[in-house]
Amino acid sequence: MPEVILPGASGRIEGRYSPGKRPNAPIALILHPHPKAGGHMNNPVTVTLHQLFQQRGFATLRYNSRGVGKSQGEFDSGIGELADAATALDWLQTNNPGASQTWVGGYQFGAYIGMQLLMRRPETDGFISVSPPSNMYDFSFLAPCPASGLFLHGTADTVVPPVEVERVVNKLRTQKGIIIDYELEEGASHFWQDHMSAVDRRVGAYLDKRLEEKPA
């Protein structure tokens, strides 16, 4: 999987890129967990999301946000991280101008940044949010949410209790024109130890369903 270096607002951004299998391949951007909690692009959940899209023919990019790994800069409380995400998506789109679909996937803090990016990029077709930290950050900016997508959470998550995510999901489900799927994995914690196969299975099944409804 080729390493790529993107020019970002705080200097270089380190990424891993899997090209698509055809000129008009769909694209997917994958965002990692919180940098201050050790989050990086090689987190197991982040890598699993990357592989799920790659296996389905997407041109897929995951990257280290500012101050992580070889990426330059310092943590910016979400503001600079959103700028990095926009830069990464710009790079993906520039390198795949004929992309048939655009998706954003994120885990934990990456899910929060990904949903913010979604609001600024109405061309996005779908999203995957794994363990979104809806008790730590205000998700009310999703008004309205521009795309259908999947929220995946664990019943044993003590960092973000499921009820906090359900509050966001229920609000989004009142919106017209989108379909929000919400899946709970029994026994899974915020970190998905011993439940990585569930991420693979559930996200993979959701992607297959969406791609059957609207082939990319």
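Predicted model: local features only at pLDDT ≥ 70, side-chain atom pairs only at ≥ 80, totals over all residues.

User: How do S1 and S2 run, and how many bridges join them?

Analyst: They run antiparallel, joined by 6 bridges. The link from S1 to S2 is a hairpin of 2 residues.

User: What order do the strands of the sheet have?

Analyst: The order is S1-S2-S4-S3-S5-S6-S7-S8, in an open sheet of 8 strands with mixed pairing. On average, neighbouring strands are turned by 20° against each other, direction ignored.

User: Which strands does H1 lie across?

Analyst: H1 lies across S2, S3, S4, S5 and S6, and runs at about 165° to S4. H3 also packs on the sheet, where it touches S3, S5, S6 and S7. The direction of H3 makes about 150° with that of S5.

User: At what angle do H1 and H5 pack?

Analyst: At about 30°, with the axes 10 Å apart. The crossing of H1 and H5 is right-handed. Residues making the contact include Leu49, Leu52 and Phe53 of H1, and Val199, Val203 and Leu207 of H5.

User: Now H2. Why does its length agree with what a helix should span?

Analyst: H2 covers residues 79–95, so its 17 residues should span 24 Å at 1.5 Å a residue, and the end C-alpha atoms are 25 Å apart.

User: Which residues of H2 are buried?

Analyst: Gly80, Glu81, Leu82, Asp84, Ala85, Ala88, Leu89, Trp91 and Leu92. Their cover includes strands S1, S2, S3, S4 and S5, along with helix H3.

User: Which residues of the largest nonpolar core touch the most other members?

Analyst: Leu29, Leu61, Met115, Cys145 and Phe151, out of 37 residues in that core. S1, S2, S3, S4, H2, H3, H4 and S8 each supply at least two residues of it. Apart from it lies another core, of 21 residues, with Ala28, Ala198, Tyr206 and Leu207 among them.

User: What does cysteine 145 touch?

Analyst: Leaving out residues up to four places away in sequence, cysteine 145 touches Met115, Leu118, Met119, Phe127, Leu172, Gln175 and Ile178.

User: And serine 129, buried or exposed?

Analyst: Buried, because its relative accessibility is 1%, and the cut-off is under 20%. Serine 129 lies in S6. Beyond its neighbours within four places in sequence, its contacts are Gly106, Ala111, Met115, Leu150, Phe151 and Leu152.

User: Changing topic, where is the cis peptide bond?

Analyst: From alanine 143 to proline 144, with omega near -5°. Proline 144 is in the loop between S6 and S7. Most peptide bonds are trans, and most residues other than glycine have a negative phi.

User: What is phi of glutamine 108?

Analyst: Near 55°, a positive value in a residue other than glycine. Glutamine 108 sits in the loop between S5 and H3, and counts as buried at 11% relative accessibility. Aspartate 194 likewise has a positive phi, near 65°.

User: Is aspartate 194 buried or exposed?

Analyst: Exposed, with a relative accessible area of 78%. Aspartate 194 is in the loop between S8 and H5.

Definitions and conventions:
Residues numbered from 1 in each chain as written. Heavy atoms only, no water. Helix = DSSP H or I, 4+ residues; strand = E, 2+ residues; numbered from the N terminus. Expected span 1.5 Å × (residues − 1). Buried < 20%, exposed > 50% of the residue type's maximum accessible area, 1.4 Å probe, protein only. Contact = heavy atoms within 4.5 Å. Core = buried A, V, L, I, M, F, W, Y, C linked by side-chain atoms within 4.5 Å. Pairing = 2+ DSSP bridges. Axes fitted to C-alpha atoms, helices over the stretch in contact; angles between N-to-C directions. Left-handed = near helix turned anticlockwise from the far one by under 90°.
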